Each structure stands twice: as C-alpha cells, then as structure tokens.
Amino acid sequence: MVSYLLHYLDTHKSMGPDGIPPRVLRQLVEVLTKPHSIIYQQSWLTREVPVDWSLAIMMPIYKKSQKEGPGNYSPGSLTLVLGKVMEQIILSAITWHIQGNQAIRPNQHGFMKHKSCLTNPISFYDKVTCLVDEGKAVDVVYLDFSKAFATGISHSILLEKLAAHGLDRHMLRWVKNCLDGWAQRAVVNGVKSSWQPGLSTGASSL
C-alpha cells in the first residue's frame, strides 16, 4: 500500500515544510517504500505521531476580486508529503469502517472516492427527470454553504463523531495524538509567524 501511494503521488502538488517535492519522492519509490513502511507501522503500533507530520504552513491562496483585500484570500495548509501518506492509510481504514456500517449514505458526494461536484448534479437531475416523467411534483431547497470548505473543523467534535460511529480506541488514539500535535504558522512573502497550536483543522487539510 505504501508503494502504491508513493507511486501515485500527484507531482503537481506543492512540497511540504521539508522542501521535498512529491516528484522526487515518486522517483525514489523503490528506495523509500521499505523504510517508510517500517516508520508507518511503528507509528500505528505505538500510536505516536512524529512532530513534523502535524506541522502546517498556512499560505494565502488568491480567490477573486482585488488582490489587495485580505478577505479575497483563503488559507491553504502545506504539510509533510510523507505524513500525508500515513494519513491516507488511516483515512482508508476509517472510510472502510464508516461505509461498512452504512454511516455514509449513497447520496453523499462530497469527499467521496469516484464522486465529485460533477456526479452530484448528474445524480440529482436524473432523479428529478424521472419524477417529472412520472408526472410528480418536485420541490427543491437550496442551501448556500459557500464558506463551509474553508471553515475549521473542531478537533474535539471530530473525535466525538468518530467515536460515535464505533471507531476502535486504537484508531481514535492515533488520530487524537495527531490532532493534539497540530501546529501551524503563516508564511507571507517569505515572512514567517511563530508556531501556534491549532484547535481546528480546515476541511481542505483532511
């Protein structure tokens, strides 16, 4: 699994705080697979998360309108690429557990593999079209969650939700240790702020 994840790293993604581009890690997959498999296994067995994996550099990402306005930027976090590989392993285990217990419904498209903002309206229109063809009335309610993606997710609430869905204590301990060590610093035009503990995590970082 580690070999697969390293081999399919997105080379267009930004490098982490260590300055190592994903392209380099992908080219060295045969060399890195075994030692990092050992590191990941030890992290899982001991529930200890290396400090570097929980450090994030916050970069302003321009969205629209005037570039001089601070409100026209959204925060993007850069974390260690090799730490993200372990997160993908943990995410796969959590997703398998959640889907196995049918906690995620089939009509959930956000953050789901093989689903996207494109498959969502296709599924919606298909459903509506079928109902209209049958002569049935269709009422639609639109809710605007435009800021939801950039909103921080409380660590404590996240852990409570995972526990409520029956995740075992070993998995919860690893996730908790990862979140407890979460720290971030802002970098703008090469100027760095001091490290600050994070109590929430952006949806784009998960």
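This is a predicted model: local features need pLDDT of at least 70, side-chain atom pairs count only at pLDDT 80 or more; totals for chains, interfaces and linings use all residues.
A crossing of two helices is called left-handed if the near helix is turned anticlockwise from the far one by less than a right angle.

Two packed helices are described by the angle between their axes and the distance between the axes. Consider helix α4, residues 81-100, together with helix α7, residues 169-180. Their axes come within 12 Å and cross at roughly 145°. The crossing in which α4 passes α7 is left-handed. On the α4 side, the contact is made by Met86, Ile90, Ala93 and Ile94; α7 contributes Met171, Trp174 and Val175. Sorted by class, the contact of α4 with α7 has seven nonpolar residues, no polar ones and no charged ones.

Helix α4 also packs against helix α3, which spans residues 29-46. Here the axes come within 11 Å and the crossing angle is roughly 55°. The contact of α3 with α4 has seven nonpolar and two polar residues, and no charged residue.

Thr79 lies between strand β2, residues 73-78, and α4. Is Thr79 buried or exposed? Its relative accessibility is 7%, so Thr79 counts as buried, the cut-off for that class being under 20%. Leaving aside neighbours within four places in sequence, Thr79 is in contact with Gly16, Pro17, Leu55, Ala56, Lys84 and Trp182. One of these, Pro17, is 62 residues from Thr79 along the chain, yet their C-alpha atoms are separated by 6.2 Å.

A contrasting pair is Val188 and Ile98, which are 90 residues apart in sequence and 38 Å apart in space, C-alpha to C-alpha. Val188 belongs to strand β4, residues 183-188. With 42% relative accessibility, Val188 is classed as partly exposed.

Now to the backbone. Most residues other than glycine have a negative phi. Arg47, although not a glycine, has a positive phi of about 65°. Arg47 sits in the loop between α3 and β1, the latter being residues 55-62. Its relative accessibility is 13%, and Arg47 therefore counts as buried. Asn189 is likewise not a glycine and has a positive phi, of about 55°. The loop that holds Asn189 runs between β4 and β5, residues 191-192. Asn189 is exposed, with a relative accessible area of 79%.

Finally, the aromatic rings. A pair of aromatic rings is described by the distance of the centres and the angle of the planes. How many aromatic pairs are counted? The count comes to four. Among them is the pair of Tyr4 and Tyr8, with 4.8 Å from centre to centre and 45° between the planes. This pair is tilted, and Tyr4 and Tyr8 are both exposed. Thank you for your attention.

Definitions and conventions:
Residues are numbered from 1 along each chain as its sequence is written. Side-chain values use heavy atoms; hydrogens and water are left out. Axes are lines fitted to C-alpha atoms, for helices over the stretch in contact, and angles run from 0 to 180 degrees between N-to-C directions. Helices (H or I, at least four residues) and strands (E, at least two) are DSSP runs, numbered from the N terminus. Contact means heavy atoms within 4.5 Å. Ala, Val, Leu, Ile, Met, Phe, Trp, Tyr, Cys and Pro count as nonpolar, Asp, Glu, Lys and Arg as charged, and the others, Gly among them, as polar. Buried means under 20% relative accessible area, exposed over 50%, partly exposed in between (1.4 Å probe, protein chains only). Rings of Phe, Tyr and Trp (its six-membered ring) pair if their centres lie within 6.5 Å; planes under 30 degrees apart count as stacked, over 60 as edge-to-face and the rest as tilted.
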